[in-house]
Amino acid sequence: MWSVVCFSTDNTVAAVPKFWIRSSVCAWPKKYAPKLIERRANPNQLEFDYYKCKILESNIGSLLEARSLAQEHSGPSSNEDFNINTKRTKKPVTYKKNELFNIPSPPAHNLEGNISQIYDKRFT
């Protein structure tokens, strides 16, 4: 079963599994919210935060139905659906021109004087 809640802190509306709500407090994932909502993950202290909420709808049969009700309750000014569907992209790493080509040379070994000493020690 699913519920539609309105979070008191930022006045956003979301569809969540019904068992995430306990006495007007709703669990909300710190990361990967859409995936954890769809999978109906069990809330825990490490991966979830807890927020005060108001239950707008309850005992909804499917997630799609709950999301459509959440969208109706949120009104046209909310962009919650937009945020759920966007993917985070990594910022490309940029290097300064000088950083790429200023590679220090490896240390040089002077073996010319030592070769005769090494050769003499092995074969004498």
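Biologist: Why is Phe-7 called buried?

Modeller: In this predicted model, where local features need pLDDT of at least 70, side-chain atom pairs count only at pLDDT 80 or more, and totals for chains, interfaces and linings use all residues, Phe-7 has 5% relative accessibility and therefore counts as buried, since buried means under 20% relative accessible area, exposed over 50% and partly exposed in between (1.4 Å probe, protein chains only). Residues are numbered from 1 along each chain as its sequence is written, and side-chain values use heavy atoms, with hydrogens and water left out.

Biologist: What makes Phe-7 and Tyr-51 an aromatic pair, and what makes the pair edge-to-face?

Modeller: Rings of Phe, Tyr and Trp (its six-membered ring) pair if their centres lie within 6.5 Å, and planes under 30 degrees apart count as stacked, over 60 as edge-to-face and the rest as tilted. The rings of Phe-7 and Tyr-51 are 6.1 Å apart, centre to centre, with 85 degrees between the planes, so they pair edge-to-face.

Biologist: How do you know that this pair ties together separate parts of the chain?

Modeller: Phe-7 lies in strand β1 and Tyr-51 in strand β5 (residues 48-60), so the pair joins parts that are 44 residues apart in sequence; strands (E, at least two residues) are DSSP runs, numbered from the N terminus.

Biologist: Which residues form one aromatic cluster?

Modeller: Phe-7, Trp-28 and Tyr-51 form that cluster, and within it Tyr-51, with a relative accessible area of 30%, is partly exposed.

Notes: Helices (H or I, at least four residues) and strands (E, at least two) are DSSP runs, numbered from the N terminus.
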